[in-house]
Amino acid sequence: MKVVSLLLLFCLTATADFNVSVFLGKDKEAQFKADMDYPFGIEFDSKNNAYIVEYDGSSVDFLDYKGNFTRLGGDGSRDFAVANGSIKNAKFNGLHNVIIDDNDVAYVTDTFNHLLRKYDHKTGTISNFVGSKQGFADGPALKSKFKQLYCAVWNADKSKIYIADLKNQRVRCFDVKTGEVTTVAGNGKRGKPKDGADALKSPLMDPRALAVDSKNNLYIADRAGHALRVVKPDGKIYTLVNQKGKKGRALGKGVDGQLAGPKYLAVDADDNVYIADDENHRICFYDVKKKTLTSIIGNDSKMKGWKLKRPHGVTVHKDGTIYVVDSGHDRILKLTKK
């Protein structure tokens, strides 16, 4: 009973209280209306316009800061069209996330086309940016090869893009200055890495999502390992959540906590990590100082009245607002601290 009580105390003390609302979706109470089909990711530019990618809808969407929703490209089919040209004529095959640079240029992961694609809102054009065809190869961006690139994220100063190359069991890095792609974690084999091992020599278990904090710690959500791992700046890898790797929903001490098919990561201004815990239908919070895992919304949280259905995205806005992509309910939620 004492152990259970301590775990419960962790959950109650480490979980912040939020005001929750529907930011975007078909719900009658939604702040902005949109008919989306399994959205996966959202990101904001410097003017507070939002870009959204839909997985089943197979489209890239744009919500301007006034609330006007536009479908920029993608017709709902799973295909490829327009390597370089108008986004209106583009097609996609498995959009998973979107990131934005300091010039408000957006980049989307086109997973099953094995490409990171670049969209310039000023010209309305899309172009292939990283990747070429299925395979594995480092080198110049447009000659590099991936096998299902799922998630792309910036480092803190936006000098590098880290890419989850799931089927190659690796994490890759595109250097903006050199234009080169290199491998930074994973040896191509599927398995659980040992704590303190060289990340480049270690196996991974379907690296699905990434996040980089202000100290250049690289966080990895291993989907099949149901775990949160970190690659330190010295290149060593460690498991932070779910040391045993068994699918479950335990909370409390991070290494003993459990996830079920984590799909996305985000970090806040204090370098804490948010996890879209897909199969547990919740968003988890990993406190880097306390090394604890809690649920902030969805199953096992104290946020009553809000159920999630297979959330695939979580974004922390620069103002601290948290946006949750509640994929199965075709909506995006907005969480602000009370």
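Here is a short chat about the packing, charge pairs, rings and strands of this predicted model.

Me: What should I know about the model and its numbering before we start?
Reply: It's a predicted model, with local features needing pLDDT of at least 70 and side-chain atom pairs counting only at pLDDT 80 or more, while totals for chains, interfaces and linings use all residues. Residues are numbered from 1 along each chain as its sequence is written, and side-chain values use heavy atoms, with hydrogens and water left out.

Me: OK, core first. How many residues are in the largest nonpolar core?
Reply: That core has 52 residues. A nonpolar core here is a set of buried Ala, Val, Leu, Ile, Met, Phe, Trp, Tyr and Cys residues joined through side-chain atoms within 4.5 Å. Buried means under 20% relative accessible area, exposed means over 50%, and partly exposed is in between (1.4 Å probe, protein chains only). Among the residues with the most contacts inside the core are Leu-228, Leu-265, Ile-297 and Leu-335.

Me: And what does Ile-297 touch?
Reply: Leaving out residues up to four places away in sequence, Ile-297 touches Val-20, Arg-282, Ile-283, Met-303, Trp-306, Leu-308, Leu-333 and Leu-335. Contact means heavy atoms within 4.5 Å. There's also a second, separate core of 18 residues, which includes Val-60, Ala-90, Ala-106 and Ile-126.

Me: Switching to charges. How many salt bridges are there?
Reply: The count comes to 22, taking a salt bridge as a side-chain nitrogen of Lys or Arg within 4 Å of a carboxyl oxygen of Asp or Glu.

Me: Which residue does Lys-302 pair with?
Reply: Asp-17, with 3.3 Å from N to O. The two are 285 residues apart: Lys-302 is in the loop between strand 26 (292-298) and strand 27 (313-316), and Asp-17 is in the loop between helix 1 (2-14) and strand 1 (18-25). Helices (H or I, at least four residues) and strands (E, at least two) are DSSP runs, numbered from the N terminus.

Me: Are those two buried or partly exposed?
Reply: Lys-302 is partly exposed at 38% relative accessibility, and Asp-17 is partly exposed at 41%.

Me: What about Asp-300, which residue does it bridge to?
Reply: Asp-300 bridges to Arg-249, with the closest N and O atoms 2.8 Å apart. Asp-300 is in the loop between strand 26 and strand 27, while Arg-249 is in the loop between strand 21 (236-241) and strand 22 (252-253), so the bridge ties together parts 51 residues apart in sequence.

Me: And where does Asp-278 go?
Reply: Asp-278 forms a salt bridge with Arg-310, the closest N and O atoms being 2.6 Å apart. Asp-278 lies in the loop between strand 24 (273-277) and strand 25 (282-287), and Arg-310 in the loop between strand 26 and strand 27, so this pair joins parts 32 residues apart in sequence. Asp-278 is buried, at 0% relative accessible area, whereas Arg-310 is partly exposed at 32%. As for networks, salt bridges with shared partners join Arg-249, Asp-277, Arg-282 and Asp-300 into one.

Me: Rings next. How many aromatic pairs are there?
Reply: The search finds 13. Rings of Phe, Tyr and Trp (its six-membered ring) pair if their centres lie within 6.5 Å, and planes under 30 degrees apart count as stacked, over 60 as edge-to-face and the rest as tilted. Phe-40 and Tyr-55 have ring centres 4.7 Å apart and planes at 10 degrees, so they're stacked. Both Phe-40 and Tyr-55 are buried.

Me: Which charge sits over the ring of Tyr-55?
Reply: The charged end of Arg-78, 4.4 Å from the ring centre. The rule asks for NZ of Lys or CZ of Arg within 6 Å of the ring centre and within 35 degrees of the ring normal.

Me: Last one, what's the strand order in the open sheet of 5 strands?
Reply: The order is 17-21-20-19-18, with antiparallel pairing. Two strands pair if DSSP finds at least two bridges between them. Strand 17 (197-198) and strand 18 (207-212) are the edges.
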